[in-house]
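Here are some exercises to work through with the model open beside you. Try each task before you read its solution.

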Amino acid sequence: MKRSILVLFSVAIAFGTIANGQFEKAMGASIPAIFSSQSAEDLQEVINRLSRIGESEKTRWEPYYYTSYGYIKMSGFYKSQEDKDKYLELAISEAEKGLAVDGGNSELVSLKGYAYMMQLTIDPGTRGMTYSGLAFEQLNKAVALNPQNPRAHYLLGRMQHGTAQFMGGGDGGACKSLATAKNLFENAASPKNPFAPSWGEETTNSAIADLCGN
């Protein structure tokens, strides 16, 4: 009896190891594809793959994060407000699924703010009051949850600049936020989680050059 229990325990460990290996392989292939996809069709294929990973690995937030990011990117392939909104709402939904797994995750909260910011840009004149509040709420929350998250500061800086320009000038604190993001990127330690987000340093430097003059 003891031997049978030991065998079952060993099988369970082996199965877990296999499952972990499959997750790592699938994520390792899917994450670069999210960033490199150059068409809506290719991107949707990667998103579908990540959705299946999320369904099978219900305790991991990372598949939801990259699915959400993928839908934000997907919105850029379309011109109509209806299509853009559809994919940005899906991005918010996926981020919320991830937050159901890890409710205090600054990266996921940042993506919600990013999606709201992109919805605002569709029609700033009529959406400003609603979506600027939603975007600032999420981005400030993301910074508060993890002040060391450079993407939260970068996205907040973009939001601050856009709002200030719409309201009539200045930078609204954008250059300070972007400088913080730049410093955090430059001094970031290697993440313990190999699937943690790492994007944003290049776009932060470009934003500083374009918006802050240095």
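Two residues are in contact when they have heavy atoms within 4.5 Å. This is a predicted model, where local features need pLDDT of at least 70 and side-chain atom pairs count only at pLDDT 80 or more, while totals for chains, interfaces and linings use all residues. Residues are numbered from 1 along each chain as its sequence is written, and side-chain values use heavy atoms, with hydrogens and water left out.

**Exercise 1. Ala 207**

Task: Work out which helix holds Ala 207, and what Ala 207 touches.

Solution: 
- Start with the helix: Ala 207 sits in α9, residues 201–211. Helices here are DSSP runs of H or I with at least four residues, strands are runs of E with at least two, and both are numbered from the N terminus.
- Next, skip residues up to four places away in sequence; Ala 207 then touches Tyr 154, Leu 178 and Cys 212.
- Now look at exposure. Buried means under 20% relative accessible area, exposed means over 50%, and partly exposed is in between (1.4 Å probe, protein chains only).
- Ala 207 has 9% relative accessibility, so this residue counts as buried.
- Finally, go from Ala 207 to Thr 67: they are 140 residues apart in sequence, and their C-alpha atoms are 25 Å apart in space.

**Exercise 2. The whole chain**

Task: How many helices and strands are there, and what share of the residues is buried?

Solution: 
- Read along the sequence, that gives α-α-α-α-α-α-α-α-α.
- For the overall extent, the C-alpha trace spans about 75 × 40 × 30 Å along its principal axes.
- Of the 214 residues, 43% are buried.
- Then take the contacts between residues at least 6 apart in sequence: 63% of them join residues at least 24 apart.

**Exercise 3. The core**

Task: Which residues have the most contacts inside the largest nonpolar core?

Solution: 
- First, the term: a nonpolar core is a set of buried Ala, Val, Leu, Ile, Met, Phe, Trp, Tyr and Cys residues joined through side-chain atoms within 4.5 Å.
- The largest one has 49 residues, and Met 27 and Tyr 114 have the most contacts inside it.
- Helix α5 (residues 106–122) gives the most to this core, with 8 residues.
- Now zoom in on Met 27. Leaving aside neighbours within four places in sequence, its contacts are Pro 32, Leu 50, Ile 53, Glu 62, Pro 63, Tyr 66 and Phe 195.

**Exercise 4. α6 against α7**

Task: At roughly what angle do the axes of α6 and α7 cross?

Solution: 
- Two packed helices are described by the angle between their axes and the distance between the axes.
- Axes are lines fitted to C-alpha atoms, for helices over the stretch in contact, and angles run from 0 to 180 degrees between N-to-C directions.
- The axes of α6 (residues 124–145) and α7 (residues 150–167) cross at roughly 150° and come within 10 Å.
- That makes the two helices roughly antiparallel. The cut-offs are under 35 degrees for roughly parallel, over 145 for roughly antiparallel, 65 to 115 for roughly perpendicular, and oblique for the rest.
- Sort the contact residues by class and you get 11 nonpolar, 6 polar and no charged. Here Ala, Val, Leu, Ile, Met, Phe, Trp, Tyr, Cys and Pro count as nonpolar, Asp, Glu, Lys and Arg as charged, and the others, Gly among them, as polar.
- One of the α7 residues in this contact is Met 159. At 2% relative accessibility, Met 159 counts as buried.
- Beyond four places in sequence, Met 159 touches Met 117, Leu 120, Ser 132, Ala 135, Phe 136 and Leu 139.

**Exercise 5. The neighbours of α5**

Task: How are α4 and α5 oriented, roughly parallel or roughly antiparallel?

Solution: 
- The axes of α4 (residues 81–101) and α5 come within 9 Å and cross at roughly 165°.
- That makes α4 roughly antiparallel to α5.
- By class, their contact has 11 nonpolar, 3 polar and 5 charged residues.
- Now try α5 with α6: their axes are 8 Å apart, at an angle of about 165°.
- These two helices are therefore roughly antiparallel as well.
- Their contact divides into 13 nonpolar, 8 polar and 3 charged residues.
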